[in-house]
Amino acid sequence: MAAPDDIAIIGVAQTPAHDCYDNTEPTLLMAVVNQLLSEAGLERSDVDFTIAGSCDYLSGMPFAFVANVDGVGAWPPVYESHVEMDGAWALFEAWLRLQLGDIDIALVLGSGKSSPTDSRQVFPLQGDPYFTAPLGFDPVSYAGIQARALIEADLATEADFAAVVARSLADGATNPNALRGDPNANAAALLAEPHLSAPLRHHDVSPKADGAAGVLIARGERARQLCADPVWIRGIDHRIESHHPGLRDLVDAPSVRLAADRLDLAAGALDVAELHVTHSHEETILRRVLGLADTTAVNPSGGPLCGDPVMATGLIRVIEVAQRIADGSAGRGLAHASSGAALQQNLLCVLEGDS
Amino acid sequence: MGDIPAVDSTLAYPYTRTTGPVIGPFLTGLRDGSLIGIRCGEQVLCPPLEFDPATGAELAPDFVEVGPGGEVVGWTWVGEPTEKHPCADPFAFALIRLDGADTPMVHAVEADSIDEMVTGMRVQVQFRPERHGAVTDVFFVPEARAEHQSVVPGDEAVTITEHFIGVRMREEIHPFRARYYRALLDGRFLGQRSPADGKVYVPSRGYDPLNRVPMTDADDVEVSDTGTVTSFTQITPVQYYGQEETEPYIRCSILLDGSDSPVSGIDIRDLTADQFRVGMRLRCVWRPPGERELGDVSNRWGAIPETVYERWEPTGEPDVAADLLKDHNF
């Protein structure tokens with residue numbers, strides 16, 4: 001099989017993570033789309049393929065993903081696709097689509113309004129319909145089980161979790177898009193808080209937000225024509241584990257390891273890694289399985305623990321890495337996105353600037 | 001938005017799921033007082049699966065009774081149970097490996113406090129007095145506290161399991177939509193005019209969808225309460241679950257004078273299809289001021305609540321020619 005074509009990110013945009021956005025989801029997307037097109041100097045008709053990642057369950061609105069096409073501009077008819085997934089998986093499909101070689105530019109979006117519903121009551125519905133969904137078994141409880149297993153395997157402590165949160169909050173304080181941040185966050189104070197799903201505390205769980213994000217990607221020469229500092233997608237891969245919690249090794253992340261091996265992640269140094277950490281203990285697992293060096297900056301944006309616009313969060317990890325490569329502060333970086341619960345499904349994207 | 005109520009609704013579906021050759025026996029077991037696993041090579045899987053998780057090969061229906069006791073191999077203390085959890089008070093979600101099984105299942109342990117929970121502890125299943133052939137028929141307790149139960153089995157094997165799913169959502173009415181509703185209470189139709197191309201939308205979505213331009217209150221415009229039927233259909237109600245309608249009625253779209261987009265989904269019950277035409281002129285007859293109500297509001301659906309007007313009345317003006325309406329049908 002021929003080597004995949006060089007595809008680059010030529011533009012990025014994200015809205016702030018809103019606690020509760022006082023307008024519709026298409027409006028969030030429209031802001032992102034308008035910014036991407038105007039900054040790239042493109043018209044909507046220049047985009048060959050559009051794909052969005054979103055989930056109607058978050059807003060409780062049937063066909064929300066159809067109304068969302070208003071954000072892109074639904075007339076004249078647009079060649080578009082949708083995944084009921086985080087926008088990072090929309091990026092995967094766009095990258096795959098461009099491999100066919102007949103089109104050059106794709107618009108990738110991720111968005112969600114989580115504010116109308118309680119995600120702890122919505123997300124059990126993605127679990128096994130016979131064995132876990134009727135119990136309302138939710139991602140926070142699942143994460144709590146995983147976090148405790150990590151502690152009992154001597155792979156982490158509650159203090160480690162608090163340290164992740166403290167560092168993330170401090171970094172989030174300088175991120176204008178973050179929902180929360182605290183330049184003075186300190187692990188000892190965090191540890192004094194009561195548990196939510198022991199051993200996890202409220203701050204160990206990402207704050208769900210309303211928001212949207214998008215990227216423009218283009219192939220080879222077209223990317224160079226459109227952008228002075230294209231960020232090349234050197235590899236993108238995603239893998240999934242069993243959806244039965246009892247069949248998984250919760251202190252490991254085999255799907256992450258498999259994707260990392262497929263991408264030959266170890267082949268070069270990583271200056272930055274943005275990880276889709278929605279529960280603080282997940283960072284411990286990911287650092288270990290990815291083999292991240294101490295020299296790799298992890299979640300310099302503050303990460304999802306500072307703001308989690310569900311369905312855009314994974315794509316925003318790509319955006320945060322791409323921005324740091326485009327502005328020259330990083331050369332090679334990794335974006336990680338996750339789906340399912342407790343790191344069941346994982347996507348890795350390796351990005352690199354022109355050397 | 002203060003005077004306009006928030007949207008507070010529940011999206012609910014009564015799912016009935018077939019259970020098949022493996023989950024059926026498992027749920028039948030729960031209803032009848034036993035826990036069932038399935039052989040998979042050298043192992044016993046519980047909960048039982050139809051396929052070998054490693055190879056995908058179909059498993060023979062070689063069932064094994066497991067439990068009633070087992071070991072907690074993982075757990076968390078649920079300090080703030082949700083409405084969907086099996087227990088209203090704090091409890092543990094745990095991975096429980098039942099005696100005789102090699103894989104653990106997720107379930108609830110009703111312990112008195114987090115201090116009772118420790119990985120490796122023994123728990124025992126308890127069967128609820130009312131059972132329906134679902135995983136919620138049982139729960140677990142620390143073994144020392146398990147009560148001896150004598151469970152009366154049911155008659156037929158469980159082949160269908162019910163799962164009532166409800167998702168509650170609450171959303172404030174967005175400002176642009178609140179202005180539209182306030183105008184209705186005032187006996188007026190409020191739309192928005194695009195600053196890009198001048199087209200008027202009623203009701204507006206808060207933006208110009210053709211040009212991708214957000215709109216603000218500066219773009220609000222009032223349109224007439226008289227308009228033209230641009231399309232209609234006669235609905236004959238199908239008696240599906242939850243259907244409240246019984247008699248046929250008209251659903252139409254009306255292009256209000258001054259608007260470029262018709263208001264759709266207007267239901268007419270006091271005119272019959274033979275009295276109705278595309279191009280027909282109708283006027284909204286409002287309820288008296290003070291008698292107008294919004295009913296269930298929404299940020300997206302239900303263009304004109306029927307509780308603000310009495311009816312749509314033919315004006316008697318000549319019909320508008322259909323070909324003048326072809327860009328405003330829907």
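**Entry 1: chain A as a whole**

I began with the secondary structure of chain A and found 12 helices and 12 strands. I note here that the model is a predicted one.

Next I looked up the spread of chain A. Its radius of gyration is 19 Å, which agrees with the value near 20 Å that a compact globule of 355 residues would have. Along the principal axes, the C-alpha trace of chain A spans about 55 × 45 × 40 Å.

I then checked burial and found that 63% of the 355 residues of chain A count as buried. For contacts in chain A with a separation of 6 or more, I noted that 78% join residues 24 or more positions apart.

The surface came after that. Chain A exposes about 12400 Å², and carbon and sulfur atoms supply 53% of this area. I also looked up the charges of chain A: there are 22 positive and 47 negative ones, and their mean positions are 3 Å apart.

**Entry 2: chain B as a whole**

I went through the corresponding items for chain B. I found two helices and 20 strands in chain B. Chain B is more spread out than a compact globule, because its radius of gyration is 30 Å, well over the 20 Å that the globule rule gives for 330 residues. The box filled by the C-alpha atoms of chain B is roughly 80 × 45 × 40 Å along the principal axes.

Of the 330 residues in chain B, 46% count as buried. Among contacts in chain B with a separation of 6 or more, I noted that residues 24 or more positions apart account for 62%.

I wrote down about 16500 Å² for the accessible surface of chain B, with 49% belonging to carbon and sulfur atoms. Chain B has 29 positive and 54 negative charges, and I noted 7 Å between their mean positions.

**Entry 3: A:Thr117**

I looked up A:Thr117 and found it in the loop between strand 4 (105-113) and helix 5 (119-122) of chain A. A:Thr117 has a relative accessible area of 12%, so it is buried, the cut-off being under 20%.

Which residues does A:Thr117 touch, leaving out those up to four places away in sequence? In chain A I listed Tyr57, Leu58, Ser59, Gly60 and Val122, and in chain B I listed Val167, Arg168 and Met169. For A:Leu58 I also noted a distance: its backbone oxygen lies 2.5 Å from a polar atom of the A:Thr117 side chain.

**Entry 4: A:Gly87 and A:Met311**

A:Gly87 is in helix 4 (residues 87-98) of chain A. I found 0% relative accessibility for A:Gly87, so it counts as buried. Not counting residues up to four places away in sequence, A:Gly87 touches A:Gly53, A:Val108, A:Leu109, A:Gly110, A:Met311 and A:Leu315. I also looked up the separation of A:Gly87 from A:Val298: they are 211 residues apart along the chain, with 21 Å between their C-alpha atoms.

A:Met311 sits in the loop between strand 10 (297-298) and helix 12 (313-326) of chain A. Its relative accessibility is 11%, so A:Met311 counts as buried. The phi of A:Met311 is positive, about 85 degrees, although A:Met311 is not a glycine.

**Entry 5: A:Phe63**

A:Phe63 also has a positive phi, near 60 degrees, and is a residue other than glycine. I placed A:Phe63 in the loop between helix 2 (56-59) and helix 3 of chain A. Is A:Phe63 buried or exposed? A:Phe63 counts as exposed, because its relative accessibility is 57%.

**Entry 6: cis peptide bonds**

I looked up the bond from A:Trp75 to A:Pro76 and found it cis, with omega near -5 degrees. A:Pro76 lies in the loop between helix 3 (64-67) and strand 3 (80-83) of chain A.

In chain B, a cis peptide bond joins B:Val202 and B:Pro203, with omega about -15 degrees. B:Pro203 is in the loop between strand 12 (200-201) and strand 13 (207-208) of chain B.

**Entry 7: B:Gln126**

B:Gln126 counts as buried because its relative accessibility is 5%. Residues up to four places away in sequence aside, B:Gln126 touches several residues, among them B:Asp137, B:Val138, B:Phe139 and B:Glu147.

I noted two distances. B:Gln126 and B:Asp137 are 11 residues apart in sequence, and their C-alpha atoms are 8.7 Å apart in space. The backbone nitrogen of B:Glu147 is 2.9 Å from a polar atom of the B:Gln126 side chain.

Notes. Residues are numbered from 1 along each chain as its sequence is written. Chains are lettered from A and ligands numbered from 1 in the order in which they are written. This is a predicted model: local features need pLDDT of at least 70, side-chain atom pairs count only at pLDDT 80 or more; totals for chains, interfaces and linings use all residues. Side-chain values use heavy atoms; hydrogens and water are left out. Helices (H or I, at least four residues) and strands (E, at least two) are DSSP runs, numbered from the N terminus. Buried means under 20% relative accessible area, exposed over 50%, partly exposed in between (1.4 Å probe, protein chains only). A polar contact is a pair of N or O atoms within 3.5 Å; within protein, one must be able to donate a hydrogen and the other to accept it, and residues adjacent in sequence count only if both atoms are side-chain atoms. Contact means heavy atoms within 4.5 Å. The radius of gyration is taken over C-alpha atoms; the globule rule is 2.2 Å times the number of residues to the power 0.38. Accessible areas come from the Shrake-Rupley method with a 1.4 Å probe; for residues, only the protein chains shown count as cover. Lys and Arg count as positive and Asp and Glu as negative; His and the chain ends are not counted. The place of a charge is taken as NZ of Lys, CZ of Arg, CG of Asp or CD of Glu.
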